[in-house]
Amino acid sequence: MIVVLGVSSGLMILNAVILIILLVWIFSWAFQTYRRKHYATVLSQEDFKKGMRKAQVIDLRQENEFKSGHILGARNLPYPYLRQQYGELRKDLPVYLYDEGMTLSTQAVAFLGKHGYDHLYILKDGYRTWDGKTKKSKY
């Protein structure tokens with residue numbers, strides 16, 4: 001006796017959509033990881049703290065996020081503005097970048113790397129896990 005289980009076409013389509021979404025997510029994650037490793041060095045908090053005095057520390061978050069708290073000594077240059085004002089950064093000094101996680105930082109190092117910047121560093125896990133000195137704006 002042979003039992004054939006019927007699978008509705010709707011369920012097959014749903015499974016195909018889920019599989020496609022999963023594959024796109026995996027590809028995106030792998031591509032971002034490659035870009036990060038190709039253009040920058042990801043630093044632990046300790047290494048970031050050690051080198052930041054001799055570097056240009058750039059906060060890529062929006063101004064309101066920056067004002068609510070940022071790494072002491074950082075300059076706010078949101079990613080959309082960085083793409084327009086990257087010439088203000090010195091190529092002879094290391095550039096330390098951070099955002100809330102590492103997404104914007106990865107995009108920024110790829111952009112800067114393509115424009116001739118060599119010494120690019122990203123704060124591992126971004127500002128959300130930062131335990132060093134911070135500053136909040138008064139306003």
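## Starting point: Arg-36

Let's begin with one arginine. Arg-36 touches Val-42, Met-102, Thr-106 and Ile-122, leaving out residues up to four places away in sequence; contact here means heavy atoms within 4.5 Å. With Thr-106 there is also a polar contact between the two side chains, at 2.7 Å. A polar contact is a pair of N or O atoms within 3.5 Å; within protein, one must be able to donate a hydrogen and the other to accept it, and residues adjacent in sequence count only if both atoms are side-chain atoms.

Before going on, a word about the model: it is predicted, local features need pLDDT of at least 70, and side-chain atom pairs count only at pLDDT 80 or more, while totals for chains, interfaces and linings use all residues. Residues are numbered from 1 along each chain as its sequence is written, and side-chain values use heavy atoms, with hydrogens and water left out.

Helices (H or I, at least four residues) and strands (E, at least two) are DSSP runs, numbered from the N terminus.

A few terms need their cut-offs. Buried means under 20% relative accessible area, exposed over 50%, and partly exposed in between (1.4 Å probe, protein chains only). A salt bridge is a side-chain nitrogen of Lys or Arg within 4 Å of a carboxyl oxygen of Asp or Glu. As for its surroundings, Arg-35 is in contact with Thr-106, Gln-107 and Ala-110, leaving aside neighbours within four places in sequence.

## What the UniProt record says

The unreviewed UniProt entry places a "transmembrane region" at residues 12-31. In the model, that span is 100% helix and 0% strand, and its end C-alpha atoms lie 28 Å apart. The unreviewed entry also lists "domain: Rhodanese" at residues 51-137. Here the span is 30% helix and 21% strand, with 24 Å between the end C-alpha atoms. UniProt positions follow the numbering used here, feature names are shortened, and annotations may be inferred rather than shown by experiment.

## Aromatic rings

Rings of Phe, Tyr and Trp (its six-membered ring) pair if their centres lie within 6.5 Å; planes under 30 degrees apart count as stacked, over 60 as edge-to-face and the rest as tilted. By this rule there are seven aromatic pairs. Phe-27 and Phe-31 make a stacked one, at 6.3 Å centre to centre with 10° between the planes. These two are four residues apart in helix 1, so about one helical turn separates them. Phe-27 is exposed at 60% relative accessibility, whereas Phe-31 is partly exposed at 38%.

Phe-48 and Tyr-98 form an edge-to-face pair, because their ring centres are 6.5 Å apart and their planes stand at 85°. This pair links distant parts of the chain, with Phe-48 in helix 2 (residues 45-51) and Tyr-98 in strand 5 (residues 95-98), 50 residues apart. Phe-48 is buried at 0% relative accessible area, and Tyr-98 is buried at 0% as well. Phe-48 and Tyr-98 belong to one aromatic cluster that also takes in Tyr-96, Tyr-121, Tyr-127 and Trp-130.

## Salt bridges

How many salt bridges does a search of the whole structure find? It finds seven. One joins Lys-49 and Glu-46 (3.7 Å, N to O), which are three residues apart in helix 2, about one helical turn. Both also belong to a network of salt bridges with Asp-131.

Arg-61 and Asp-59 form another, with their closest N and O atoms 2.8 Å apart, and both residues are buried. Arg-75 pairs with Glu-88, the closest N and O atoms being 2.6 Å apart. Since Arg-75 is in strand 4 (residues 75-76) and Glu-88 in the loop between helix 4 and strand 5, the pair ties together parts 13 residues apart in sequence. Arg-75 is partly exposed at 33% relative accessible area, and Glu-88 is partly exposed at 46%.
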